[in-house]
Structure formats: structure tokens, C-alpha cells
Amino acid sequence: MKRTLILSFTTLLVVAIAGIAVAVARPQWMPAWARINPEKLPTWARFGAKTATPAEDAGLYCKEHGVPEKFCTLCHPELKDKLMLCKEHGNIPEDICTLCHPEVEKKYNLKMCKEHGLPESFCYKCGKGPSASLDQPDDGWCAAHGKPEALCQECAELRAKGQPLPVTKTGTAKVCRDPLPIVRLASATLAQQVGIQTTEVTEEEHAHRLVANAETAYDANHYADITPRVAGFIREVRVDLGRAVKHGEVLAVIDSAEVSAAKTQYLSSQASLKLAQATADRTQSLTRSGAVAGKAELEVMTALNQAQASTMDAEQKLRNLGFGDAELAQILETKDTKNLLNVVAPIDGTVVARHAVKGEAVQATTQLFAVADTSRVWVWIDVYESDIQKLKAGQSVSFVVSGTSPDEGYATVGQVTWIGAEVNEQTRTTRVRAEVTNPDGNLRANQFGEATIQIGTEHKAVVVPKEAVQRKDKVDVVFLPEGEGTYRPRRVTTKPTDRSDVLEVTWGLQPGQRVVSKGAFLLKTEIMKGAIGAGCCK
């Protein structure tokens with residue numbers, strides 16, 4: 001019996017000791033009510049349990065900013081010149097940069113920003129109160145409104161009203177700027193290996209231009225369709241295609257009975273008018289002497305007026321057929337009743353169309369010829385509705401036929417003469433008319449090509465290679481080299497130029513600066529959110 005009691009007691013004692021040891025060494029294995037904090041036990045009783053490493057004694061502690069006093073650049077700005085600053089994370093002292101050195105959080109018992117993993121008062125992403133992060137270079141960009149601060153009217157109005165500036169997507173509340181992280185390569189040799197090259201920012205004379213599809217056409221103000229005006233037969237054709245003609249030159253002769261009838265009517269009306277006039281003169285003389293009654297005078301005056309009306313009608317018919325004063329006088333003089341009508345050129349130009357064939361029967365509206373002044377042509381330009389506000393009459397235009405280049409001598413110049421008043425429903429473009437010179441006749445009607453409209457005056461422009469400009473968050477970015485293997489991203493505003501290989505930088509760069517040309521896309525990937533390397537290319 002005693003042996004059984006002793007054995008049971010020993011077993012219970014061993015189980016109790018083992019349970020206490022487990023509760024001390026591995027408290028996570030135990031329910032909450034049975035856990036023992038090993039830090040409250042003497043060292044010999046901890047059974048190897050791990051305890052928190054005590055914070056290192058770093059001297060005086062700045063309770064206001066949650067860091068050791070010797071690292072607090074907020075209380076002691078002069079320390080910035082003595083301490084090494086982490087430029088990558090907002091110029092925070094390197095000794096307390098928890099993103100570069102996570103172990104210092106417990107080492108110095110730092111007060112942390114739980115969202116961004118930096119000391120709370122030094123978190124440049126939160127911007128709580130004065131922070132060392134505000135010392136990082138200001139690129140002058142308002143990230144809240146996506147434009148240069150100098151041009152940000154919204155922020156200027158808020159400052160004038162004393163209202164707080166907006167919060168950016170990264171949480172910056174005190175300022176509207178949001179500098180991009182610096183890219184640091186492992187070494188300068190790595191930059192050469194990945195093919196990064198830089199080029200100098202230059203300045204050159206430039207004017208902004210708009211390029212659009214276009215089509216040529218004859219100048220309608222110097223173009224004429226020529227018809228015979230009467231029905232008949234073509235008796236004679238005197239010109240051919242390509243012939244340069246002068247105003248009034250005979251192009252063809254029409255044989256028409258209508259012409260003969262009109263001439264005959266004109267001669268007859270003239271004879272009737274002379275007779276009526278003589279009768280009226282004699283009757284008036286007799287009436288004044290009392291030999292004839294006044295009623296007779298009225299009758300002859302009525303006949304005179306009718307004769308005058310008939311003469312005017314006959315004369316107008318001939319004038320409608322193209323007869324002038326000289327031709328009418330000749331008809332009266334020679335009693336001409338021929339049925340021939342000369343078809344003449346109404347303008348100076350070149351015969352660009354011919355449908356007239358000798359002996360062909362024609363109607364009054366049949367087109368016989370077309371004459372155009374080809375020394376100038378119209379260019380119809382299709383401009384997208386988003387660009388139409390940039391245009392105005394008088395702007396310079398150059399036109400190049402598809403398949404050719406200005407170097408081949410096919411470029412012609414002119415100016416905008418009219419801007420359309422409607423937008424095409426299908427293409428969403430507006431037709432713009434330009435008049436360009438064509439002294440050598442190289443341009444033909446209905447040719448397709450590209451029109452370039454100068455929408456700005458000549459000015460000095462800062463230009464960079466197009467490959468140097470990268471797009472991030474709907475903003476153009478370039479990279480400036482800073483020392484070996486270090487590149488600072490800078491936001492810029494750009495405009496297209498008339499050259500396909502460069503862009504004009506309207507804000508953000510100065511001539512003489514250097515930017516990354518080849519390899520800029522690689523650097524862009526390093527500053528993108530979630531990019532491998534987190535801003536430090538290995």
C-alpha cells in the first residue's frame with residue numbers, strides 16, 4: 001500500500017514539474033489562464049525561455065518624438081550636419097532608419113508609425129508635424145493636382161484662404177509635394193552593364209505644329225466649268241487638255257439654231273424700234289400743230305414703248321449667250337444672222353478637263369471644258385475636334401504628298417483660310433481649308449498627304465530625346481544622374497515637336513543638365529509601386 005502511494009505521489013510530482021517547465025519555456029502551448037511570464041521568474045527558473053532583449057541605453061530619450069535625444073534632428077537641427085542621413089527615406093538619420101535597419105526599433109525603443117514602418121515623428125509619408133522628411137529635395141511638383149506648384153491655382157487659393165492643403169495618395173498632409181524615391185544601383189559598373197546612358201539637355205529654335213491628314217482640291221475661286229449655254233452641235237474644238245488659256249479666248253464653236261433666231265429677233269426689234277420712234281416723232285409734231293388728236297399721240301407712244309421692250313428683250317437674249325457690246329454692234333452693222341456661237345474661257349488658267357468632241361450634240365448645260373488656275377490649290381485638312389481650338393485663320397501650313405518627303409522638294413506652303421463650323425459625325429473631325437502655292441504645278445487635285453499647321457510662334461525650346469521621358473501615374477518623368485549609380489527622378493511637363501525623336505520640356509529642366517536617355521525605362525520600373533528592388537537595383 002505504501003509503495004503504491006509513493007509511486008502515485010512521485011508520478012504526480014513529475015507531471016507537475018513538467019507542466020510548470022512547459023508553461024515557462026513554451027507558454028504559447030498553454031491556455032491563457034495557465035501561462036507564466038518567464039521575465040517574472042529568476043534566471044535559474046526560466047528553463048531556457050526566451051525573454052525580450054532589453055533596449056540599449058542610448059542616453060537621454062526624446063519623449064516628444066519617440067527617439068534617442070542624440071538622433072533627434074527635430075529638436076537639434078544642427079545634428080543634420082553631423083549624422084549620416086538616409087536620403088532614400090526622407091533624410092531620416094541613418095541610425096534610426098527602421099526600413100534600412102529594422103533591428104533599431106527594439107534597440108532604441110522607438111515610437112513607430114504602424115502604417116509605414118518608420119519612426120512616427122520622422123515618417124515622411126504621414127507628414128505629421130515638422131519632419132526631417134521635408135528636407136528632401138523639392139521637385140516643385142504638386143502631386144495633389146498633377147501640375148507644377150508654380151502653376152497650381154488650386155493650392156494658391158487654399159493658401160490665400162488659410163486652408164490646409166490636400167492630402168496626396170501617399171498621405172502627405174502638410175505639403176502638396178510628393179517627391180519620387182531615388183534609384184540607387186549597387187555600383188557604377190552595374191549602370192554600364194545594363195546600358196544606362198545620359199545625354200545633355202539642349203535648347204533650340206522651335207515652333208509647335210499640328211500634323212493631320214489632308215487632301216488637295218482646285219481653288220474654287222479660280223476654277224470654271226464651261227458649258228455652251230445653248231443646244232446644238234459642236235462645229236469646232238480649238239483647245240486641248242493642258243492648254244494655258246486667257247480670259248475671252250475661244251475654246252470651241254457651237255452650231256445652234258437658237259443663236260440664229262436670237263440674232264434675227266434682235267435685228268427685227270431694232271427695225272421696229274426705229275419705225276416706232278420715227279412715227280412717234282412725226283405724230284408729236286402734228287399734235288402740237290393741232291392736225292392730229294391727242295389720242296393718236298398716246299397710241300404711237302404706246303407702240304414705241306412696246307418696241308423698246310422688244311428690243312431690250314432681244315438684246316438680253318444675246319447677252320445671255322455671251323455677246324458683248326462690240327459683238328452686238330457688229331451684228332447690227334453686218335446684219336449677221338449666222339447660227340455660230342463662240343464658247344470662250346471666263347478666266348485665265350489651264351484646261352484641266354475636256355468633254356467636247358467635234359460634231360457632238362450638246363445641251364445648254366453640257367460640260368465642255370474645265371479651266372483652273374493651278375498656280376494655287378486648296379488643301380482640305382481633317383483636324384480632330386480636340387485640336388480645333390488651337391487653330392485660327394492665317395496660320396502657316398505646309399503640305400507633303402503621301403509617299404514623298406520635304407527633302408524631295410514636294411512640300412508646299414500656304415496658310416489657313418477657313419475653319420469648318422461642324423464636326424463630322426463618323427470621323428469626329430472638322431474640315432479646315434488652307435490655300436497653298438503651287439508655282440511648279442507639282443500638286444494635283446485629289447492628292448492625299450499630310451498637312452503641318454504651325455500653331456505657335458518660333459521660340460527657344462528645351463528639348464530632350466523622346467526615349468528619356470517615361471510615363472508614371474499619368475505624369476512625364478526623367479532621371480537625373482547624381483553621382484555614381486544614383487539617379488533622381490524628376491517630373492516634367494512636355495509638348496510634342498515637329499521632330500519625331502525629341503520632346504520639348506516646358507517645365508522641369510534647364511539647358512546643360514544631363515538626363516538618362518538609354519535605360520530610363522529600367523529606372524522607371526524601380527520607382528513603380530511594388531517593383532522588384534524597391535528603389536535599389538541590385
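**Figure 1. An open sheet of four strands.** In this predicted model, 4 strands form an open sheet in the order E13-E20-E18-E15, with antiparallel pairing; two strands count as paired if DSSP finds at least two bridges between them, and strands (E, at least two residues) and helices (H or I, at least four residues) are DSSP runs numbered from the N terminus. The edge strands are E13 and E15, each of which pairs on one side only. Strand E13 (residues 223-226) runs antiparallel to E20 and is joined to E20 by 4 bridges, and the bridge partner of Tyr 223 in E20 is Ala 372. Strand E18 (residues 349-354) also pairs with E20 in the antiparallel sense, over 4 bridges, and Thr 350 of that pairing stands opposite Ala 372 in E20. In a regular strand the side chains alternate between the two faces of the sheet. For E13, the covered face holds Ala 224 and Ile 226, while the uncovered face holds Tyr 223 and Asp 225.

Residues are numbered from 1 along each chain as its sequence is written. Because the model is predicted, local features need pLDDT of at least 70 and side-chain atom pairs count only at pLDDT 80 or more, whereas totals for chains, interfaces and linings use all residues, and side-chain values use heavy atoms, with hydrogens and water left out.

**Figure 2. A barrel closed by six strands.** Here 6 strands close into a barrel in the order E12-E21-E24-E23-E22-E25, and the pairing is antiparallel. From one strand to the next, the twist averages 40 degrees, where axes are lines fitted to C-alpha atoms, for helices over the stretch in contact, and angles run from 0 to 180 degrees between N-to-C directions.

**Figure 3. The packing of helix H5 against helix H7.** Two packed helices are described by the angle between their axes and the distance between the axes. Helix H5 (residues 257-289) and helix H7 (residues 325-334) pack at an angle of about 70 degrees, with their axes 10 Å apart, which makes H5 roughly perpendicular to H7 (angles under 35 degrees count as roughly parallel, over 145 as roughly antiparallel, 65 to 115 as roughly perpendicular and the rest as oblique). The contact, meaning heavy atoms within 4.5 Å, is made by Lys 263, Tyr 266, Leu 267 and Gln 270 of H5 together with Leu 328, Ile 331 and Leu 332 of H7. Lys 263, which has its place in helix H5, is buried, with a relative accessible area of 2% (buried means under 20%, exposed over 50% and partly exposed in between, with a 1.4 Å probe and protein chains only). Not counting residues up to four places away in sequence, Lys 263 touches Leu 318, Phe 323, Ile 331, Asp 336, Thr 337, Lys 338 and Leu 340.

**Figure 4. The largest nonpolar core and Phe 323.** A nonpolar core is a set of buried Ala, Val, Leu, Ile, Met, Phe, Trp, Tyr and Cys residues joined through side-chain atoms within 4.5 Å. Of the 27 residues in the largest such core, Leu 251, Ile 254, Phe 323, Leu 368 and Phe 369 touch the most other members. At least two residues of this core are supplied by each of strand E16 (250-255), H5, helix H6 (294-320), H7, strand E17 (340-344) and strand E20 (369-372), and the largest share, 4 residues, comes from H5. Leaving aside its neighbours within four places in sequence, Phe 323 is in contact with Val 259, Lys 263, Leu 318, Leu 328, Ile 331 and Leu 341.

**Figure 5. Val 239 in a loop between two strands.** Val 239 lies in the loop between strand E14 (232-237) and strand E15 (244-245), and this residue is buried, with a relative accessible area of 3%. Although Val 239 and Leu 251 are 12 residues apart in sequence, they are 5.6 Å apart in space, C-alpha to C-alpha. Beyond residues up to four places away in sequence, Val 239 touches Val 245, Glu 249, Val 250, Leu 251, Val 351, Arg 354 and Phe 369.
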